[in-house]
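Please keep the model open as you read.

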Amino acid sequence: GLNFVERGFGIRGASGTSDRGHTAVSQLEPGDIDWERLFKGEGVRWFHCGGIFAALGEQTPDVAQEAVECAKANGTIVSYDLNYGPGWGKRFGGPENARQVKRRIARLVDVMLGNEEDCTMALGFEVEGLDQNLSKLDPANFKGMIQKVTKEFPNFKVVGTTLRAVK
């Protein structure tokens, strides 16, 4: 895929456009990759995947789950970047389907990465006290949401996140 980025200037932020549609990886189907060979035979110790890959094609959520399941079965550490984008919901059954897929994969993840919007849209958690524009985010409320996430997903050994506001 390609990613076109226009640098920001002054108060104007950067703008990016990705062109991943119809790439080879978006056409993958379960069974196309010998995950067992990679994780067991080759001894891959860490596997990273994410929400962008899972949104590339109709079968990529199943490919991601297949990879993660095989990684876990072979003792490989799994990290996952939630990276929820609006395209996910539009292309493959709406936001609810996206949430179901990501929650299913999340149950197998060791290291989860994502910001407050990712945790809300992709996993279904809410941060208390947010205003409509997400401009006031109390770190204590954000921490409370992360505690709820780790309680529901005790398999997470590490949660990496950012608390930021885009200007």
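What does Arg37 count as at 48% relative accessibility? Arg37 counts as partly exposed, a class between buried (under 20% relative accessible area) and exposed (over 50%), using a 1.4 Å probe and protein chains only. This is a predicted model, where local features need pLDDT of at least 70, side-chain atom pairs count only at pLDDT 80 or more, and totals for chains, interfaces and linings use all residues. Residues are numbered from 1 along each chain as its sequence is written, and side-chain values use heavy atoms, leaving out hydrogens and water.

**Salt bridges**

The whole structure holds nine salt bridges, each a side-chain nitrogen of Lys or Arg within 4 Å of a carboxyl oxygen of Asp or Glu. Among them are these:

| Pair | N to O distance | Relative accessibility |
|---|---|---|
| Glu6 and Arg12 | 2.3 Å | Glu6 42%, Arg12 44% |
| Arg37 and Glu42 | 3.8 Å | Arg37 48%, Glu42 51% |
| Lys72 and Asp110 | 2.7 Å | Lys72 31%, Asp110 5% |

Glu42 counts as exposed, while Asp110 is buried. Lys72 sits in helix H3 (residues 60-73) and Asp110 in the loop between H5 and strand S5 (111-113), so their bridge ties together parts 38 residues apart in sequence. Shared partners join Lys72, Asp110 and Lys157 into one network of salt bridges.

**Helix packing**

Helix H5 (residues 94-106) packs against helix H6 (residues 116-123) at about 105 degrees, with axes 7 Å apart. H5 is therefore roughly perpendicular to H6, a term for angles of 65 to 115 degrees. Axes are lines fitted to C-alpha atoms over the stretch in contact, and angles run from 0 to 180 degrees between N-to-C directions. Helices (H or I, at least four residues) and strands (E, at least two) are DSSP runs numbered from the N terminus.

Definitions and conventions
Parallel < 35°, antiparallel > 145°, perpendicular 65-115°, else oblique.
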